[in-house]
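Thanks for asking me to look this one over.

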Amino acid sequence: MSLKYKALIIFVFLSICVKLLCAQDSRDTLRYIDSVTVKKSVHKINGVNVLTLSREQIEASPKMLGIADPLKAIQFLPGFGNGGDANSGLIYRGLSSGNNGYFYNGVQVHNPAHFFGLFPLFNTNVIKEVNIYNGVVPGRFFGRLSGYIDIESDWGIGDTTLFRGELSLFHGGAGVRLERDSSKLLEVFWRSTFMNKTLWPLVGTVMEDQKGLNYDLSDLNVNVAHVYGKNKFKAFLYTGKDKARFDLFEGNVNNGMHWGNTVLGLTHELDLREGLLVESSIGYSRYHADVALDFLGDDFTLANRQRALSLNTTLSYRINQSRVETGFVYATDILESALRMTQEEYESGGNRYNDRQGLLKYFFSVNNPLSERISVNLSTALSYIGGDLDKFHFNPAFALTYRLNTYSSWFGGASIAQQATHHLPITSISIPVDYVIHSGKDNSSSSMRELSTGYRYAKGAVEFSVDGYYRWLSGAKEFDGHIIDLNDRKDINGGIVDGRGVTYGIDFFTKVLFLRNYLSVNYSFSRSFRQFDALNNGFWFRYTFDRPHNLSIVNAYKLSPRLSLSASYALSSGSNYTPVLGMYYFNETLIGEYGTKNNARMDTYHRLDLGLEYGLKQTAKSKQTLGFSVINVYNRSNPIFKHFSYERGYLENDGAFKMSQKDGASIPILPAVTYTLDFL
């Protein structure tokens, strides 16, 4: 994107913000905003086809590096697996993060992670809640198989001024929220880390092989809203950038990365009459990544670019407990990637991929009670995808709910989903080296059919649920096993094979809310398998993210009006990997002999985190909070990955080579102190 184009986008966005805020003078009214505490209010997490996590519940968990992370908090919900310390991607019902759609205020986010998942992409200071949809989903979402995660900003408007500053050992942030006359809102929040000065030198002293780690980031959030009569305008902007250098496989090889996201959107809501609402929105997102990576002695450069523009119009009608929704979505997605040897010419060398894909979707849904006990939720969508082998996609879904009594209900559902954008991971950790391609003449869309059933109980402060599901996948995509040869292929489609898969599981979830205590316990059992004619001799094998057992516990307790304590514990089966049986040097080429695909499993993952918040001196116009957190309290070694290292000089000196299997770096015990100051 040219500098002129960037300047034009920023100018248009700021012009919209100024226009939305232009209004008559108003009187400031200051009010006190209490800190997030455990409140005695009923907030159901688990609904039918939707999970909802409030900002209060997100901040109830211990904070990584002193910062609350919405995506990490989601990992404690039913159906979600733990991707590991360095993976902020969400494994939902046995499928990878690339099968989920991540949206910020309804606009797609392509790579919702900062480096290794240590720092949250989404700033909890500016959000209201997180909704996770599955099965019967709102029509504005599109393009994924497994689930949709929508991060929603806090668009509530009163008459308040709030200035907030936060400082930890690793980052600093400052923001302001201005609300006027219950009709105008301006919110700006900036964050930046200085881990190169504080954290990484500390990690280098604990872990000798990580002395070369160097990484910092910054991001900015802007939210603007204006209510005018029956009209409500909302505009937002997120932009962030990361820059890292680290030693991944070899201590004497420098690997460098820098990448970033930009997401912005504008929404207009028009209340035509009671119960009848029209919502129109436009969104733009951009993701770029440049990676220099050493892979088994060869130096590669990978450049990824992804841009998307979406337009959506939704007409919804609500009367009593019934709701009808219909509308259109148009989206265009542009992908550009280049993989080449570092010494090759950028314009001609290596593997290049460039493609544009358009989508036009019509959707209709109805949620209607058939009787006092029975309600039905139906949706259907017809999509046209340009360039796809199957240009028209039909996606029906339904859920039937039977209310057993005032407090409990049973439901069952079925759905069909397609995905025309394929995420092909090269690693299982949160570094931006994965491939993303469109379906087209050389590869079809992926498809999933799902059957699910469940039980819900909610009475007072207690919530309990059980969910079971079975998923069939067709058109699943995988590399053919020759990732190292990608650079020699001019067409990446030549290295991708089609297959099928099954995923099934059962989830148990319990939440108890007392006057001072919030407790949630989640256990999920899930299996996920794949079969490709071109892989593993055609036999079924465990999927990379097949992690059968996942247990998570969150407990937040308010010891006094000023002092709060939180703890979280996570335990899960280890990730799968393909074992290396031997390495050979033939014809000046290093050749590996591998065992059965994904036949080995890493050690069981488990980690305990603790957090403490203490309210310092506070007045009618200011509030101070001091937070302490400890990640990985008992310093459990949970390796992020396994790799093989060989001594480069050994071959020349002895006529042979020496290799050894090593565990990738794990996150050690990490204490953090955070200071937060609010001016009201």
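Predicted model: local features only at pLDDT ≥ 70, side-chain atom pairs only at ≥ 80, totals over all residues.

1. Start at Tyr104, which stands opposite Val107 in β5.

2. The turn deserves a look. β4 and β5 make a hairpin with two residues between them, and Asn105 lies in that loop. Its phi is near 55°, a positive value in a residue other than glycine. Most residues other than glycine have a negative phi. Is Asn105 buried or exposed? With a relative accessible area of 12%, Asn105 is buried, because the cut-off for that class is under 20%.

3. Arg93 is found in the loop between β3 (91-92) and β4, and Arg93 has a positive phi of about 50° although it is not a glycine. Arg93 counts as buried, at 6% relative accessibility.

4. Now look at β4 itself.

5. Phe103 stands opposite Asp150 in β7. Put together, five strands form an open sheet in the order β1-β6-β7-β4-β5, with mixed pairing. The edge strands are β1 (50-54) and β5, each of which pairs on one side only.

6. Phe103 also belongs to an aromatic cluster, together with Tyr133, Phe141, Phe142 and Tyr148.

7. Which residues touch the most other members of the largest nonpolar core? They are Ile74, Phe80, Tyr104, Val130, Ile132 and Ile149, out of 31 residues in that core. The elements that give two or more residues to this core are β1, α3 (70-74), β4, β6 (127-133), β7, β10 (184-193) and β12 (231-246). A second, separate core of 17 residues includes Trp200, Leu217, Ile631 and Ala672.

8. Leaving aside its neighbours within four places in sequence, Phe80 is in contact with Leu51, Ile74, Gln75, Leu90, Ile91, Tyr92, Ile132 and Asn550.

9. Elsewhere, Glu613 sits in strand β34 (residues 605-615). Glu613 is partly exposed, with a relative accessible area of 26%. Beyond its neighbours within four places in sequence, Glu613 has contacts with Lys63, Arg562, Leu563, Ser564, Thr625, Leu626 and Gly627. The C-alpha atoms of Glu613 and Tyr675 are separated by 9.6 Å, although these residues are 62 apart along the chain.

10. A search of the whole structure finds 15 aromatic pairs. In one of them, the rings of Tyr470 and Trp472 have their centres 4.7 Å apart and their planes at 45°, so the pair is tilted. Both partners are partly exposed: Tyr470 has a relative accessible area of 32% and Trp472 one of 30%. Tyr543 and Phe545 form an edge-to-face pair, with 5.7 Å centre to centre and 70° between the planes. Tyr543 and Phe545 are buried.

11. Two charged side chains lie over rings. Arg530 lies over the face of Tyr543, at 3.8 Å from the ring centre. The charged end of Lys597 sits over the ring of Phe541, 5.5 Å from its centre.

12. Finally, some totals for the protein chain. Its secondary structure comes to five helices and 38 strands. Of its 680 residues, 54% are buried. Among contacts with a separation of 6 or more, 64% involve residues 24 or more positions apart. The chain exposes about 29800 Å², and carbon and sulfur atoms supply 58% of that area.

Technical notes. Residues numbered from 1 in each chain as written. Heavy atoms only, no water. Pairing = 2+ DSSP bridges. Helix = DSSP H or I, 4+ residues; strand = E, 2+ residues; numbered from the N terminus. Buried < 20%, exposed > 50% of the residue type's maximum accessible area, 1.4 Å probe, protein only. Contact = heavy atoms within 4.5 Å. Areas by Shrake-Rupley, 256 points an atom, 1.4 Å probe, with all protein chains shown as cover. Core = buried A, V, L, I, M, F, W, Y, C linked by side-chain atoms within 4.5 Å. Phe/Tyr/Trp six-rings, centres within 6.5 Å; stacked < 30°, edge-to-face > 60°. Lys NZ or Arg CZ within 6 Å of the ring centre and 35° of its normal.
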